[in-house]
Amino acid sequence: QVQLVESGGGLVQAGGSLRLSCAASGRTLSTYCMAWFRQAPGKEREFVATITRSFGITYYTDSVKGRFTISRDNAKNTVYLQMNSLKVEDTAVYYCAAVTRVLTIATMRMLTNYDSWGQGTQVTVSS
């Protein structure tokens, strides 16, 4: 099983940017479909973005489309989430997740389909 460690979170003003990183160890990241989820206080963990293991196809939840970009560097065994034009409602703990199975557009949004999770990194957006 792959081990995942997120970093890059912090406090930023609305309209600002942050780049989150998810470093993997134990397995080659290129064999995994990778995703970012987030969990705001008092809310359930929700899907943010995913990138497939083949061809690097990306999918996003509607609320972050055009603002967030997920990418992967297989040579560095790292996945990134570039977050621009941040809003107060983006405040949450952000988690990266990995799975080796091929997921459909519907199932990739379901956190129960992911086998490995990081510990999370806090993102706080102030007004």
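## Rings, sulfurs and strands in a predicted model

Phe55 is exposed, with a relative accessible area of 82%; the word exposed is used for values over 50%, buried for values under 20%, and partly exposed for those in between, with a 1.4 Å probe and protein chains only. The structure is a predicted model, in which local features need pLDDT of at least 70 and side-chain atom pairs count only at pLDDT 80 or more, while totals for chains, interfaces and linings use all residues. Residues are numbered from 1 along each chain as its sequence is written, and side-chain values use heavy atoms, with hydrogens and water left out.

Phe55 lies in the loop between β5 and β6 (58-60). Strands such as these are DSSP runs (E, at least two residues), as helices are (H or I, at least four), and they are numbered from the N terminus. The phi of Phe55 is near 70°, which is positive even though the residue is not glycine. Asn77, another non-glycine residue, has a positive phi of about 55°. Asn77 sits in the loop between β7 (68-73) and β8, and with a relative accessible area of 16% it is buried.

Next come the aromatic rings. A pair of aromatic rings is described by the distance of the centres and the angle of the planes. Here, rings of Phe, Tyr and Trp (its six-membered ring) pair if their centres lie within 6.5 Å; planes under 30 degrees apart are stacked, those over 60 edge-to-face, and the rest tilted. The structure holds four aromatic pairs. One of them joins Phe37 and Phe47, edge-to-face, with 5.7 Å from centre to centre and 80° between the planes. Phe37 belongs to strand β4 (residues 33-39) and Phe47 to strand β5 (residues 46-51), so this pair links parts of the chain that are ten residues apart. Phe37 is buried at 0% relative accessibility, and Phe47 is buried at 6%.

The rings of Tyr114 and Trp117 are also edge-to-face, because their centres are 6.2 Å apart and their planes lie at 70°. Tyr114 is buried at 5% relative accessibility, whereas Trp117 is partly exposed at 26%. Ring pairs link Phe37, Phe47, Tyr114 and Trp117 into a cluster.

Arg45 has its charged end over the ring of Trp117, 5.0 Å from the centre. Arg45 also lies over the face of Tyr95, 3.6 Å from the ring centre. A charge sits over a ring if NZ of Lys or CZ of Arg is within 6 Å of the ring centre and within 35 degrees of the ring normal.

What about the cysteines? A disulfide is a covalent bond between the sulfur atoms of two cysteines. With a cut-off of 2.5 Å between the sulfur atoms, the count comes to one disulfide. Cys22 and Cys96 form it, with their sulfur atoms 2.0 Å apart, and with 55° about the S-S bond the link is right-handed. Cys22 lies in strand β3 (residues 18-25) and Cys96 in strand β9 (residues 92-99), so the bond ties together parts 74 residues apart in sequence. Cys22 is buried at 0%, and Cys96 is buried at 0%. The sulfur of Cys33 is 12 Å from the closest cysteine sulfur, in Cys96, which is too far for a bond.

Strand β3 also takes part in strand pairing, which requires at least two DSSP bridges between two strands. Strand β1 (residues 3-7) pairs with β3 in the antiparallel sense over five bridges, and Glu6 stands opposite Cys22. Six bridges join β3 to strand β8 (residues 78-83), again antiparallel, with Ser21 opposite Tyr80.
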